[in-house]
Amino acid sequence: MPTEPLSQKEIEDRLRELPGWSQEGDRIARTYRLGTHFAATALVVHVAHIQDELDHHSDLTLGYNTVNLTVNTHDAGGAITDRDFELARRVESVAPSHGAS
């Protein structure tokens, strides 16, 4: 069953529930800041594991002490869907354990 794109209002409502996340064009995005490069790398590994569990993958960029995620749903023509918000919620649930802010 295909994933349906969310309306602009649905996207805005869901973003209010995810502080730090924003809409960047046809994606939702978040940058995390961490104390060290090692902590940032550990978060990337944890996010990669979540993405594999969900079979839904973001663009994930590792900086010295930052991790940037941008995500949309390719199966929905590059639109923002429930799947993107599920991934964002899962990442939000683990990021604090890595010291991310």
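**Notebook: the sheet and its strands**

Strands here are DSSP runs of E with at least two residues, and helices are runs of H or I with at least four residues, both numbered from the N terminus.

I noted that the model is predicted, with local features needing pLDDT of at least 70, side-chain atom pairs counting only at pLDDT 80 or more, and totals for chains, interfaces and linings using all residues. Residues are numbered from 1 along each chain as its sequence is written, and side-chain values use heavy atoms, leaving out hydrogens and water.

Next I looked up the strand order. Four strands make an open, antiparallel sheet in the order β1-β2-β4-β3. The edges are β1 (22-24) and β3, each pairing on one side only. Two strands count as paired if DSSP finds at least two bridges between them.

I then went through the pairs. β1 and β2 are antiparallel and joined by three bridges. β2 (residues 27-33) and β4 are antiparallel too, with six bridges; Y32 stands opposite V67 in β4. β3 (residues 59-62) pairs with β4 over four bridges, and L62 has V67 as its bridge partner. Three residues lie between β3 and β4 in their hairpin.

I asked why β4 (residues 66-71) is largely enclosed by the rest of the structure. Five of its six residues are buried, so it is. Buried means under 20% relative accessible area, exposed over 50%, and partly exposed in between, with a 1.4 Å probe and protein chains only.
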